[in-house]
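Please look at the sequence and the structure shown here, and then read the report that follows.

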2 protein chains.
Amino acid sequence: MILLQHLSKIIFISKALEDAINSVAKEITLPKNTILVNHKERCRNLFFIQKGLVRGYYYDEGKEITNWFAQEEEFATSFYSFITNEPSPETIEALEDCQLIQISYTDLQDLYKKFQETERIGRIITENYYIKLEERFLNIRFRSAKERYQNLISKNPSLLQRASLGQIATYLGITQETLSRIRAEL
Amino acid sequence: MILLQHLSKIIFISKALEDAINSVAKEITLPKNTILVNHKERCRNLFFIQKGLVRGYYYDEGKEITNWFAQEEEFATSFYSFITNEPSPETIEALEDCQLIQISYTDLQDLYKKFQETERIGRIITENYYIKLEERFLNIRFRSAKERYQNLISKNPSLLQRASLGQIATYLGITQETLSRIRAEL
DNA sequence: TTCGCTTTTTGACATTTATCAAAAACCTCC
DNA sequence: GGAGGTTTTTGATAAATGTCAAAAAGCGAA
């Protein structure tokens with residue numbers, strides 16, 4: 001399973017832990033456009049993406065604003081809701097047919113308790129996601145819309161084929177019209 | 001020690017762990033305006049603030065842009081540099097006379113190895129900092145400069161007495177002049 | 001291949017915030 | 001209690017991006 005391979009890059013996964021993960025990780029297949037988590041609903045699952053593309057978005061004044069994209073070998077969840085058990089402020093949808101691995105919050109907490117080494121995995125993954133978020137934060141503060149767009153296509157060129165320009169524009173913190181104009185002048 | 005009290009809110013701290021933390025945690029006192037970490041220098045320490053106010057800032061086109069403030073009972077470090085061991089993109093300075101607890105990266109890694117329960121503490125603290133960063137990220141995307149300012153003074157009114165308006169303005173993602181105008185019209 | 005829907009682009013104009021310069025207010029320390 | 005520095009405010013103008021509306025392009029299904 002891709003998830004196990006992914007985790008074993010962080011620390012050695014014992015056979016016992018492997019079995020435990022396998023027993024709680026559900027492989028699920030979802031068609032494009034499926035809503036995984038609805039806005040205002042508690043998100044009690046962590047998803048690992050084996051295949052496909054998922055996005056989280058907010059509603060701001062009735063408009064969908066993309067908060068993140070997640071693709072192969074990445075985790076997706078409404079982090080805030082998952083950790084705090086509060087209703088999710090964001091909606092999560094599959095932008096493509098997806099193959100995911102689903103782990104529930106309670107199963108994850110059990111893993112943390114029974115296999116102390118998973119705490120290390122959790123810490124390191126969280127640290128890495130923190131750094132990615134900080135990078136985006138700085139990007140939005142210091143770079144112009146054009147720079148952010150160029151940065152995105154250089155780092156993740158395939159996203160342009162996989163998501164609509166409107167979804168990408170709001171991810172970059174601009175409107176679709178502005179993104180269209182940026183593209184026109186390049 | 002305040003740090004131990006703080007950590008014991010997360011999990012029970014055994015006597016052995018308490019001793020281990022005490023043996024690696026250095027209490028330091030710094031006068032106002034001390035630079036704790038210089039831009040481009042690796043940051044190999046984590047600081048816990050017992051007393052005082054600290055800020056991290058970037059340079060953007062020669063100007064200081066506040067990235068964060070940290071005060072009593074909070075951690076401060078150049079997170080990116082601390083985790084990746086790359087040079088710090090930010091400078092960290094004491095805005096007031098400070099009493100800090102300093103733990104080095106290697107000592108922290110030793111704690112993680114010797115006391116598995118510290119992994120749990122590290123994970124939970126990182127999760128909480130992630131959520132705080134996400135909240136700020138959304139704040140900057142969805143709220144106007146005025147709303148961000150009002151939000152800040154309602155959540156942390158004393159900051160206005162402790163940091164200059166210029167430092168606060170760049171923290172909010174606006175210029176000092178804009179913040180001044182916002183205050184004038186309230 | 002064309003109809004109908006969705007996505008993308010274009011145009012005109014509005015809004016927010018930045019920039020640069022200078023004045024005013026505020027400290028602090030001799 | 002002023003001199004000199006720093007911080008904050010004010011003014012005029014510019015730049016970046018948003019808003020609303022409509023046209024154009026793209027695309028899947030009959």
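In this predicted model, helix α5 of chain A, which spans residues 116-142, contains Glu117(A). With 18 other C-beta atoms within 10 Å, Glu117(A) is partly exposed, since a residue counts as buried at 20 or more such atoms and as exposed at 12 or fewer. When its neighbours within four places in sequence are left aside, Glu117(A) is in contact with Ile11(A) and Leu17(A). The C-alpha atom of Phe75(A), a residue 42 places away along the chain, is separated from that of Glu117(A) by 19 Å.

The report now turns to the two chains together. Chain A and chain B each bring 21 residues to the contact between them. On the side of chain B that touches chain A, the elements giving two or more residues are α3 (79-84) and α5 (117-142) of chain B, and α5(B) gives the most, with 15 residues. The classes of residue on that side of chain B are set out in the table.

| Class | Side of chain B that touches chain A |
|---|---|
| Nonpolar | 10 residues |
| Polar | 4 residues |

How are the two chains related?

Conventions:
Residues are numbered from 1 along each chain as its sequence is written. Chains are lettered from A and ligands numbered from 1 in the order in which they are written. This is a predicted model: local features need pLDDT of at least 70, side-chain atom pairs count only at pLDDT 80 or more; totals for chains, interfaces and linings use all residues. Two residues are in contact if their C-beta atoms, placed from the backbone, lie within 7 Å. Helices (H or I, at least four residues) and strands (E, at least two) are DSSP runs, numbered from the N terminus. Ala, Val, Leu, Ile, Met, Phe, Trp, Tyr, Cys and Pro count as nonpolar, Asp, Glu, Lys and Arg as charged, and the others, Gly among them, as polar.
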